[in-house]
Structures are given as structure tokens and as C-alpha cells.
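Welcome! Below is a short tour of this structure, written for someone meeting it for the first time.

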Amino acid sequence: MVWAPESLPDAGRRGGPEADGGPPDHVSIADVAGLTSLEVLRLMRSGPRGLLEAHAEDRLLRYGENAVAPRSPASWLRRLARSLRDPFAMVLLCLGLVSAAIASWGTACVVLVLVVVSCVLRSGGEYRADRSMAALRELVATTATVRRRADETAAPVSREIPVDHLVPGDVIGLGPGDLVPADVRLLRSSGLTVHQAALTGESHPVAKHAVDVPADAETDLFDRPYLCFHGSSVASGSGFAVVVATGTGTRFAGAHRGGMRDRGPSSFDRSVNGISWLLIRFMLLIPPVVLLTNAALRGRGLEALPFAIAVAVGLTPEMLPVIVTTALARGSAVLARSHGVIVKRLPALHDLGAVDVLFTDKTGTLTQDLPVLDCSLGPDGRHDPDVLRWAAVNSLWTLQLADLPNPDALDEAILDAAERLGGTLPASDGVAALPFDPVRRSSCAVVQSPDRTAVHTLVVKGAAEDVLDRCTLVRAGATEVELDAAARGRMRRFAEEKAAEGLRLLAVGLADRPARPGSYGPGDEHDLTFLGFVGLRDTLTPHAEDALAVLAGRGVAVKVLTGDHPGTAARACRDLGLDPGTVVVADQIDGLTDAAVAELAMRSTVVARCTSEHKARIVRALRAAGHTTGFLGDGVNDLPALRAADVGICPSDAVDVTRQTADVVLASKDLTAIDHAIMAGRRSTGNIVTYLRIVLSSNLGNVIAMLGAGLLLPFLPMLPAQVLVQNLCFDAAQLAFAFDRPDPAVLRRPSRLRPRDLTRFIAAFGPLNALADLATFAVLASAVPWSAQVTGQSAFHSGWFVENLLTQGVAILVLRGRRHVPLPLGIAVCFLAIVGVLLPLSPLAPLLGMTTLPFAYYLLVAIVVLLYGVVLRAATAFFERRHADRP
């Protein structure tokens with residue numbers, strides 16, 4: 001459509017600012033798809049000269065900012081409230097409430113402090129991630145060119161305004177490299193093509209142009225040439241358009257909402273819930289057992305309730321929320337500082353460490369958008385350098401004469417190959433050029449030879465089937481023969497075979513026309529002579545092969561979900577040493593159950609011709625099958641899959657809404673960066689698992705010993721205040737676990753918090769710790785004169801207090817495994833030993849019901865602790881050998 005300002009009425013002329021009521025509410029691009037340009041402008045109460053500034057301000061107040069999702073970060077109060085929903089924090093809060101109910105104020109205060117510290121640490125990590133994301137948003141273009149008028153008599157002026165301030169009815173200009181800032185209806189265009197990959201996944205630019213008569217109602221909205229959508233970008237050409245829908249009314253926002261389906265509990269959530277319920281069962285069981293045992297055997301009633309609560313608190317890993325948050329926050333900080341990886345949601349770092357299936361696309365991850373020449377073939381399939389030279393002529397003049405915002409990667413690859421080939425190109429002067437058009441799928445350069453001034457030669461290069469359809473002759477040596485249907489069919493099959501091998505095959509054709517002064521168009525591309533093919537292949541991403549090998553060695557299966565041709569994806573995988581196996585075409589999963597989809601996806605490496613729905617379904621199916629999944633994507637069409645995965649990953653140059661949705665943002669779309677993130681997640685999770693193993697087995701041993709002592713002794717085996725102080729000392733030492741270095745074996749496979757594995761471990765080592773306590777009873781009986789008198793009870797309490805802290809220090813050293821002890825952990829163990837030995841000798845001892853012990857006890861308990869360490873080391877080695885092959 002040739003559109004002129006004078007050809008359309010201007011709604012703004014009908015009155016002043018008070019006359020503008022604006023378009024109807026909730027107008028979408030689908031509502032205007034069947035209307036002419038004139039009808040759309042009338043509906044939007046606009047005109048070719050643009051809106052009045054006053055009208056635009058009124059509409060901004062009425063329709064709101066042009067934003068897909070709110071960008072304001074959550075407040076500190078909201079972050080703290082969100083942190084309190086953590087199951088560990090809720091368990092501790094319940095214990096604190098019970099402690100307060102029985103007036104055990106010391107225990108209640110300690111538990112409350114631990115919960116607050118954990119929530120503050122987590123909120124601080126999320127706040128830092130939000131600030132990093134805000135900095136990333138500043139890198140994205142935020143203005144649009146809009147045509148507006150100051151008043152009724154003023155001439156329209158084009159100026160830049162923030163994208164957020166666009167309103168329905170605005171007339172905007174589009175040029176090469178611009179982002180389309182809203183859903184718009186084209187009014188005028190010239191050679192306009194746009195990238196819609198962020199919405200549709202289609203990798204090539206799509207031709208757009210204004211039309212008088214709208215398309216058939218059955219045509220998909222994205223295929224209508226006169227509609228452009230928020231989230232796409234201009235590849236070439238220019239145009240003017242009227243804004244139809246902004247903000248949450250755009251198709252872009254609709255796709256975003258479609259990707260907002262609840263992803264369900266992540267790997268971290270499932271693990272945390274399992275461990276929390278394990279602890280809750282123990283905590284609900286222990287106090288009644290302690291009370292009933294003391295009541296039945298020792299005649300103690302409710303006076304034993306504080307001791308029962310103290311025992312339950314002793315079993316609980318109070319520092320768990322703090323350790324988990326500190327370990328994850330520290331890992332996230334190291335990732336951001338060393339590798340530019342931003343973890344927006346701290347639990348996502350655990351999920352990264354647990355990932356055993358990583359989904360990614362091909363372009364930008366396995367391959368670069370940098371093709372290289374593979375072959376130059378004549379019609380007979382043999383090498384023919386002349387085909388490359390004519391293809392280079394097309395590329396040379398297309399780059400020089402066409403209105404392109406950036407050089408085409410295919411043209412640059414062909415010119416580079418022709419230069420390496422040597423020789424000279426056919427002599428020619430450029431006359432005109434028609435750039436690549438996704439509709440006709442070809443480009444055309446019109447050239448003139450110096451010795452043939454009366455003739456113009458059209459050099460056409462493009463998709464094999466499209467160029468072959470326009471050819472009537474084929475060059476055979478020095479002659480040209482008719483291209484019949486049989487020959488055309490053979491060449492098409494040849495092109496399909498090469499495509500199956502992973503080549504991007506372009507056909508080249510020539511045609512001579514009488515020289516003329518007028519312009520050339522697509523209608524001139526007919527009756528061509530077919531010269532042959534040039535084949536290009538994708539350039540592999542540097543280090544991708546090494547990264548894939550490393551990920552495989554770490555137990556991570558990489559799955560490629562792509563919209564590309566199956567052969568192209570398979571070729572890239574083979575070139576990188578990744579066995580593609582049997583490539584699955586996405587249509588094959590449409591009739592399968594989720595279980596069958598998961599089984600097929602695990603057997604396959606590549607799923608080609610994927611839509612966004614296919615990607616999301618495959619990810620959900622594998623999650624339902626018990627796998628921990630990561631998904632790397634950068635477009636709005638990846639949103640459903642990003643949210644379906646346990647952890648969504650995107651590069652920093654992804655579209656804004658994708659960066660907001662993803663859990664992890666990479667500095668670049670690079671598998672090496674993902675490997676760094678996975679390793680950071682495994683280190684953090686490994687430290688948390690080590691902490692849980694040690695603290696739960698030690699606590700369980702202490703609880704068993706306390707229950708046994710309660711049956712054997714005529715007094716409480718440890719006072720509630722002593723239990724609390726012991727827990728506080730151990731809790732303070734446990735902070736060092738956040739700075740530990742996990743066993744290298746932990747880093748070789750996906751790591752997660754597995755309640756069953758923890759139960760198996762503490763069931764083996766908890767009773768072993770209890771045996772050390774029972775041995776201490778024998779030592780106390782022989783070295784310390786204790787009885788039912790207060791002094792004897794104080795001696796027993798002191799002796800057991802010392803032994804407990806010493807054995808817990810040994811457990812920290814031994815249960816970690818055979819590896820170097822970092823300085824923070826060494827300091828923590830020394831702290832436990834010093835407190836255990838000196839506290840009964842300090843002035844605080846009487847306040848805690850403890851007394852000085854004889855020197856002989858320290859010698860005997862040293863022997864018990866040494867024997868405990870030796871037995872514990874042997875048991876640890878046996879346990880590791882027995883469970884070495886378990887996932």
C-alpha cells in the first residue's frame with residue numbers, strides 16, 4: 001500500500017483535547033486484523049499526523065504504562081515474609097513457640113534469632129540479584145520514535161520517547177535495528193523485514209508490508225504482513241505504524257502469561273520438604289517418649305517437659321536455615337564475581353547442582369550464527385568454483401546496494417570463501433539489488449558487464465527449491481539445456497540429501513535482460529539458468545565440544561530442542577562429538593503420553609522442529625519422571641519451557657521478560673558458564689549435605705544417649721540450660737560448613753538433598769555416636785564420684801558436656817572424609833575443644849550447674865575420644881565403599 005498523510009482523515013481534527021475519548025478498552029491486535037488502515041485509525045481515534053500531546057498524556061493515565069510486567073523490586077518486608085515460608089524456618093518457629101509456651105525463654109530467643117538471621121541473609125541475596133537485574137535492563141533500548149503534535153495547528157514532530165510512555169493510537173516510525181515497542185498495524189513500509197524469533201522461534205526475518213485489503217481470516221496473525229508485534233525487531237527497511245495494543249494487551253504479554261504456569265515444587269523444594277517432614281516426625285515423637293519414660297520409670301511428670309523440649313531442640317539442626325542460606329549466598333556471590341553469572345533465586349543454585357538433564361537450543365550455544373562455506377557444486381554434483389564466484393557477485397552487490405542494517409552472515413561467508421579461492425570475480429558493475437526476502441526466500445543482484453553494456457544480468461541466490469522453481473534452463477558445461485521436471489526433481493532430492501547431512505544449500509541462477517533505466521522487482525526473477533549449489537555449514541561455538549565432554553563427565557545429559565532442520569541439528573552434534581542418535585521430530589510426541597514422552601526424550605539427544613509448547617511439554621515430562629531439569633533459552637517463545645524447568649537459564653542479552661522469568665542469568669550464552677554454575681551449585685549443596693550428615697548423626701546419638709541415661713539415672717542426664725549451651729556452641733561451630741570444600745567425589749555427579757540418603761547415614765552413625773556416650777558413662781563411673789546428690793549430678797553433667805563437645809569436634813573432622821581441612825573448619829573444631837575443656841573450670845560453671853572435674857577424667861575421655869575417632873574413620877570408609885556406586 002502506498003500511504004500518504006493526505007489520504008487519511010485525522011481524528012485529532014475533530015476537536016481539542018477534551019474531545020478525545022481514546023479507543024475502546026481492551027482493543028487487541030486480533031480485533032483490528034480484519035480492518036483496513038482507515039478503519040484502524042478511526043477505531044484508535046488517531047490519524048497520520050499522530051496524537052496531540054495532551055491526548056497522549058490522558059491515554060497514558062487511562063491505559064497505563066507500556067510494560068509487560070511490573071519491574072519494581074519486592075520490598076524488604078515482602079522478601080522477609082517470603083523467606084518465612086521456608087519449611088526449615090517454619091519448623092524452628094514452631095519449636096520457638098512451644099519453648100515460649102513452657103516459659104523456656106532462652107531456647108525461644110535463640111530459635112527466634114536463628115530464624116531472623118536466616119531470613120535476612122536470604123533476603124539480602126535476593127536484593128543483590130534484583131540490583132544486578134536492574135543494571136542489565138539498562139543495557140536494553142528503551143526509546144521509540146513517535147509522531148505527535150503540540151496542538152491542533154502545529155505540524156507533527158517526530159521525537160524519541162521512553163517505550164513505557166507509548167499509548168494506543170500513537171503513530172511510530174520503524175527503522176533497521178529498532179525493537180517493535182508494541183503491537184502495531186503498518187500504515188506505510190519500504191522493504192521492511194522483522195525478526196519474530198522471540199515470539200515464534202522462526203530464525204529468518206519475515207517480510208512485512210502495508211496492504212489495502214486485509215488477509216484471509218484463517219491466516220495466522222503472525223503470518224499477516226501488515227501486523228508487527230511487540231518483542232520483534234526490524235531487520236531491514238523502514239515503515240510507519242499505528243499502535244494498537246500496549247503493555248499487558250500485547251501478544252508478547254500473552255505469551256508471557258502463557259509461560260507463567262505454576263512450575264510446581266523445584267528439586268530444592270522437594271528435598272527441603274522431605275527433610276523437614278523427617279525432622280518433624282522425630283520431633284513429634286521424642287517429647288512424648290521422654291515424658292512417658294520419665295513418668296513411668298522415674299516418677300517425673302511435667303517437670304521433665306523443659307528437658308523433653310530441650311532434647312527435641314537438640315535433635316533439630318537449628319543452624320540449617322542459616323547454613324543453607326549462607327552456603328547458597330556465598331556460592332552465588334562467587335559466581336557473580338568470577339563468571340558474571342547472576343543467581344536471582346538462591347534455591348536455584350541448589351537446583352543447578354542437582355541438574356541431570358540440560359535442555360538447550362542449537363544456535364548460539366552449540367553453533368555460532370557464523371556460517372562457513374563447505375562446497376561449491378555444479379548441477380552434476382561435482383565441484384565447480386564458477387558457482388561460488390557468481391554467488392559472490394550476488395553477495396557483493398547485495399551488501400553494497402541493499403538497505404541492510406547489518407551485513408548478512410551468509411553473504412560474508414561466501415565472499416570470504418571466494419577470496420580464499422583466489423582468482424577474480426566475473427567483471428561487473430552493480431545496477432540494483434533486492435535483499436533476501438523470507439517470502440520469496442532469495443536475494444537478487446542486477447549487474448552489468450563492462451563489455452555488455454546493453455545487457456543486465458540478474459544473479460539470484462536463495463533456497464534451493466525456490467530458485468529451482470524459477471529456472472527453465474540448466475548449464476551443462478559450455479551449453480545450456482532445458483531443465484525438465486525429471487532433472488528438477490533429481491536436484492531437489494540432492495538438495496534434501498545435503499540438508500539431511502546438515503548443510504545449508506543455496507541455489508544460484510542467472511538470467512540476461514535488456515538493459516533498462518527502471519527499477520527491478522521480484523517479478524523479474526523468472527526464466528533463470530540454473531548454475532549449481534553452494535553449501536554452507538554452521539561454525540561451531542568455541543569450547544562447546546570441551547564443555548559438552550565436561551558436562552557428560554559430570555553426569556549431565558545435554559538435550560537439544562531446536563526449530564531447525566533435523567539434519568542440521570544432527571550434523572552440529574556429530575561435529576561436536578555428541579552422538580545425536582535417532583533425531584526426533586517434535587510432531588512425533590503429539591500423540592504420546594507424558595511417560596512415553598519422557599522415555600523418548602531420554603533415549604534421544606535432538607528434538608527438531610520444536611514449538612514452544614513442545615519444549616515445555618518435554619521438560620515437564622522429564623521432571624515428572626524424577627529428573628532435575630535446566631533449560632537455557634533467550635526468547636519469549638522459551639518462556640513456557642523456562643518456567644517448566646527446575647531452573648530456568650538465559651543469557652544477559654535475552655529479551656527483558658525472559659530475563660525477568662529466568663532463575664539464572666549468564667553473561668553469555670555459553671555452556672562453559674553453565675558448567676561453572678553447576679559446579680558452584682554442587683559445592684554449595686555438598687557443604688549442606690556434609691553439615692546435615694554430621695549434625696543429624698551427632699544429634700541423634702546424643703538423643704539416644706539421653707534417653708538411655710534417663711532410664712539409668714535417678715536424675716536428668718543433662719539440664720535444659722546445659723543442652724541449650726551445648727547446642728549454641730555446636731551451632732556456632734557449624735557456620736564454618738558454609739566455607740568448607742566438598743569431597744571431589746561430590747562434584748562428579750548431580751548432588752541434591754536426598755532425605756533417604758540422610759536417613760541411611762544417620763541410622764548408621766547416630767548409634768555409633770551414642771556408643772561413645774555410653775563409654776563415657778563408664779569413664780564417669782570409674783573416675784568421677786557421682787551420686788544422687790547435687791555435687792554428683794553436677795560432676796556427671798560436666799563430664800558428659802565435655803565429652804559431647806569433643807566427640808562432635810571429632811565427628812566434624814572425620815565424617816567429612818579424607819581431605820584437607822580449611823582454616824574456618826579447623827578454627828571451629830578448636831573452638832569446641834577449648835569450650836568443652838575450659839567451661840567447667842570457668843566462673844560460669846556454677847551458673848550452668850557444672851563443676852570442676854579431676855585430671856584423670858580428661859585423660860580417660862581423651863582415650864575414649866581417640867578410640868571413637870578411629871572407629872568412626874573405619875565405619876566411614878566402609879560406608880563410602882558400600883555406597884560409592886549409588887546415585
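## Helices H19 and H20

Helix H19 (residues 594–603) and helix H20 (residues 612–624) have axes that come within 8 Å and cross at roughly 95°. That makes H19 roughly perpendicular to H20, a label for angles of 65 to 115 degrees; under 35 counts as roughly parallel, over 145 as roughly antiparallel, and the rest as oblique. Helices here are DSSP runs (H or I, at least four residues), as are strands (E, at least two), and both are numbered from the N terminus. The axes are lines fitted to C-alpha atoms, for helices over the stretch in contact, with angles running from 0 to 180 degrees between N-to-C directions.

On the H19 side, Asp594, Val597, Ala598, Ala601 and Met602 meet Arg617, Ile618, Ala621 and Leu622 of H20; contact means heavy atoms within 4.5 Å. By class, this contact of H19 with H20 has seven nonpolar, no polar and two charged residues. Ala, Val, Leu, Ile, Met, Phe, Trp, Tyr, Cys and Pro count as nonpolar, Asp, Glu, Lys and Arg as charged, and the others, Gly among them, as polar.

## About the model

This is a predicted model, in which local features need pLDDT of at least 70 and side-chain atom pairs count only at pLDDT 80 or more, while totals for chains, interfaces and linings use all residues. Residues are numbered from 1 along each chain as its sequence is written, and side-chain values use heavy atoms, leaving out hydrogens and water.

The average pLDDT (the predictor's confidence in each residue, from 0 to 100) is 81 for the protein, and 84% of the residues score at least 70. Over residues 1–19, pLDDT stays under 50. Where pLDDT is low, the predicted coordinates should not be read in detail.

## The protein as a whole

The secondary structure comes to 28 helices and 24 strands. Of the 887 residues, 55% count as buried, meaning under 20% relative accessible area; exposed is over 50%, and partly exposed is in between (1.4 Å probe, protein chains only). Among contacts with a separation of 6 or more, 74% come from residues 24 or more positions apart.

Helix H13 (residues 385–401) packs with helix H14 (residues 409–421) at an angle of about 130°, their axes 8 Å apart. That makes H13 oblique to H14. By class, the contact of H13 with H14 has 11 nonpolar, three polar and three charged residues.

The axes of helix H11 (residues 320–339) and helix H12 (residues 347–354) come within 8 Å and cross at roughly 80°, which means that H11 is roughly perpendicular to H12. Leu328, Gly331, Ser332 and Leu335 of H11 make this contact with Pro347, Leu349 and His350 of H12. These residues divide into four nonpolar, three polar and no charged.

Leu60 lies in helix H3 (residues 53–63) and counts as partly exposed at 24% relative accessibility. Leaving aside neighbours within four places in sequence, Leu60 is in contact with Glu65, Asp164, His165 and Val167. Leu60 and Asp164 are 104 residues apart in sequence and 9.2 Å apart in space, C-alpha to C-alpha.

His543 sits in the loop between strand S18 (528–540) and helix H17 (544–553). This residue has a positive phi of about 70° although it is not a glycine, and it is exposed, with a relative accessible area of 57%. Arg609, in the loop between strand S21 (606–608) and H20, has a positive phi of about 55° although it is not a glycine. With a relative accessible area of 41%, Arg609 is partly exposed.
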